[in-house]
Amino acid sequence: YRGLSRAQLSFDYLHTNSTTHEFLFGALAELLDNARDAFATKINIHSISDSSLRGGYMLCFLDDGQGMSPEEASDIITFGKSKKSLESQMIGKYGNGLKSGSMRIGNDLMLFTKKESNMTCVFLSRTFHEIEKLDEIIVPMPSFDANTKRPVTRTPRDKEKHTQEMELILKYSPFRTDAQFMKEFDKIEKTSGTLVIVYNLKLLDSGEPELDVKTDPYDILLAAQDDDSHDGLMPERKSFRSYASILYVDPRMRVYIQGKKVRTKRIISTLYKPRLYKYTSARFKSRSEREAKKSEEDARNAEHRAREAESKAKDLEIKCGKMPDKEQRIELRKAQTHALELRKEAQLRRLISERKIKSLKEPKQLNFVFGVNLENRSRDGMFVYNCSRLIKMYQKIGPQLEGGVLCKGIVGVVDAPYLVLEPTHNKQDFADAKEYRHLQQAMGEHMLQYWRDIDIAQQGVSKFWENFGYISPNWHALPSSDPKYVRKRTAKVQITLQCDLCLKWRIIPYSSNNISKVFPDDWVCSMNPDPAHNRCSSAEEKMNLPEGLLKKIVKTKEQKE
């Protein structure tokens, strides 16, 4: 396989890299993140039965994002390389999620992608490497013209390479003929998009696949459930549909699992008495310091390249003399233009570096939002997002760790930017444990302030919850389904729905007719009874949250003693 593309790592790394995902849904979420970063408005995760494959099915992720060119697709096999790291709003930063996520789910990955007039397939198969006893990672990547469906080959060597790539794919993939293979591209209905297929799935000791697609035909469940902790009982740890519904702090992508739409939600909109607290701190420096150091190094390198180009241009100008001929003038102009471009780049890099160094001294601000979970008081704690992506859920903080009733039933949400806190590669924790502990302390202090501000303790904790139907002494028991309690809970929390067309969120005016009403999955703005927001052209309403303020409690001399 002398002429085929190779990833720049050993074969063993494919397995090692995949083990970073202890939480299996975190591995699946990596593929949703890629779709979101590709500006997809829709992704469908579904299984296709195939008894010839280990696990009995293949798992597919089909999105309508911007797709990849052959050059962009080739970046997939360069581990750790990501152009997305330059974009602050992108979730992917490390160039690793697709490989680590897919290889955690199964042994083999196929990616079909369309962009403009190109179609490309990436075939990353551990099965192929194991059978042929290969140490290097070989990745066939045939490309085709999207209009003619013919291979993109310009030279005899290209044709030979393409033939060899297709022979390997048809031998080791689930698709045994050219027609079967090309049919996968047809599943990308628009002019751009990506289809990821993972197969030869990981199995439990029982021989069953880790992901259960049979028990619930519209969900993907974790087959192994041996976590008896309170956190392990949360639906988001058992059901991928539940996990996907809260994966993003402000969902803007339709997610379908096994053909049925996921009811994505903004957690803030599901809470009673939500309140915003602005928190400012100069303690979050680690990521900013690394970014500033890197930008300073980039500025120095850019300055060096600019000086080198200017020196070459000057030297060429001296050699050409006062009467250069036509070819010399063309060459000199090119050198001077190149030097000018590099000088502009150096100036830009210097400005970026100065701005980042200056920002080190500026305190970072985070917004904490707290509210009461009336629907299920036992599901409380912090939901910590990073660049809109969920990192931690149901994180108990402050008084919630003490085991009493203080702050029980309170849910908090915070979205920390990448420059404030850097996530680990598996996006299930934060890289700097010390800074995250500082964040936890701050969240605990503000949660306690929120508890005081809404006066639950003054009303009486038991009385407050009884008022909403929590009449059982068992804290984890669900609230009463008596209509009078259902009405109370429904009246206190706004119903927010997302339009299936424009993806804007709409607040539905309260109506007794909406109590226990199930709204259709394809709900659109025109169904909104609010005339000011019943068109997709209408602006999205902003959530006007009351703002709280952390009040430092000054202890008296007697209390200190």
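**Entry 1: the E2–E11 pair**

I started at strand E2 (residues 42-49), which runs parallel to strand E11 (residues 254-257) and is joined to that strand by 4 bridges. I count two strands as paired if DSSP finds at least two bridges between them. Helices (H or I, at least four residues) and strands (E, at least two) are DSSP runs, numbered from the N terminus. Contact here means heavy atoms within 4.5 Å. Axes are lines fitted to C-alpha atoms, for helices over the stretch in contact, and angles run from 0 to 180 degrees between N-to-C directions.

**Entry 2: ground rules**

I note that this is a predicted model, where local features need pLDDT of at least 70, side-chain atom pairs count only at pLDDT 80 or more, and totals for chains, interfaces and linings use all residues. Residues are numbered from 1 along each chain as its sequence is written, and side-chain values use heavy atoms, with hydrogens and water left out.

**Entry 3: the whole chain**

I find 15 helices and 20 strands in the protein chain. The C-alpha trace spans about 90 × 65 × 50 Å along its principal axes. Of the 561 residues, 51% are buried. I use buried for under 20% relative accessible area, exposed for over 50%, and partly exposed for in between (1.4 Å probe, protein chains only). Among contacts with a separation of 6 or more, 69% are between residues 24 or more positions apart. The chain exposes about 28,900 Å², and carbon and sulfur atoms supply 50% of that area. Areas come from the Shrake-Rupley method with a 1.4 Å probe; for residues, only the protein chains shown count as cover.

I also checked the charges. There are 93 positive and 78 negative ones, and their mean positions are 4 Å apart. Lys and Arg count as positive, Asp and Glu as negative; His and the chain ends are not counted. I place each charge at NZ of Lys, CZ of Arg, CG of Asp or CD of Glu.

**Entry 4: the 8-strand sheet**

I went back to the sheet that holds E2 and E11. This open sheet has 8 strands in the order E7-E5-E4-E8-E3-E2-E11-E12, with mixed pairing. Strand E7 (143-145) and strand E12 (260-261) are the edges; each has a single partner strand, so one side of each lacks a neighbour in the sheet. Helix H6 (residues 156-172) lies across strand E4 (106-115), strand E5 (118-125), E7 and E8. H6 runs at about 55° to E5.

**Entry 5: the 6-strand sheet**

I looked up a second open sheet, of 6 strands in the order E16-E15-E17-E14-E13-E20, also with mixed pairing. Inside, strand E13 (residues 272-281) and strand E14 (residues 364-372) run antiparallel and share 8 bridges. Lys278 stands opposite Asn367 in E14. H11 packs on this sheet and touches E13, E14, strand E15 (381-386), E16 and strand E17 (410-416). The direction of H11 makes about 140° with that of E13.

**Entry 6: a hairpin and positive phi values**

I moved on to strand E18 (residues 495-498) and strand E19 (residues 505-508), an antiparallel pair with 4 bridges. Gln498 has Trp505 in E19 as its bridge partner. The hairpin has 6 residues between the strands, and Leu503 takes a positive phi near 65° there.

I noted two other residues. Lys133, not a glycine, has a positive phi of about 55°. Lys133 sits in the loop between helix H5 (126-132) and strand E6 (136-138), and is exposed at 71% relative accessibility. Asp455 has a positive phi near 60°. Asp455 lies in the loop between helix H11 (433-453) and helix H12 (456-459), and is partly exposed at 34% relative accessible area.

I checked burial in helix H4 (residues 97-105): 9 of its 9 residues are buried. The buried residues include Lys99 and Arg104.

I ended on Ile357 in helix H10 (residues 326-359). Ile357 is partly exposed, at 32% relative accessible area. Leaving aside neighbours within four places in sequence, Ile357 is in contact with Ala292 and Glu296. The C-alpha atoms of Ile357 and Ser242 are 41 Å apart.
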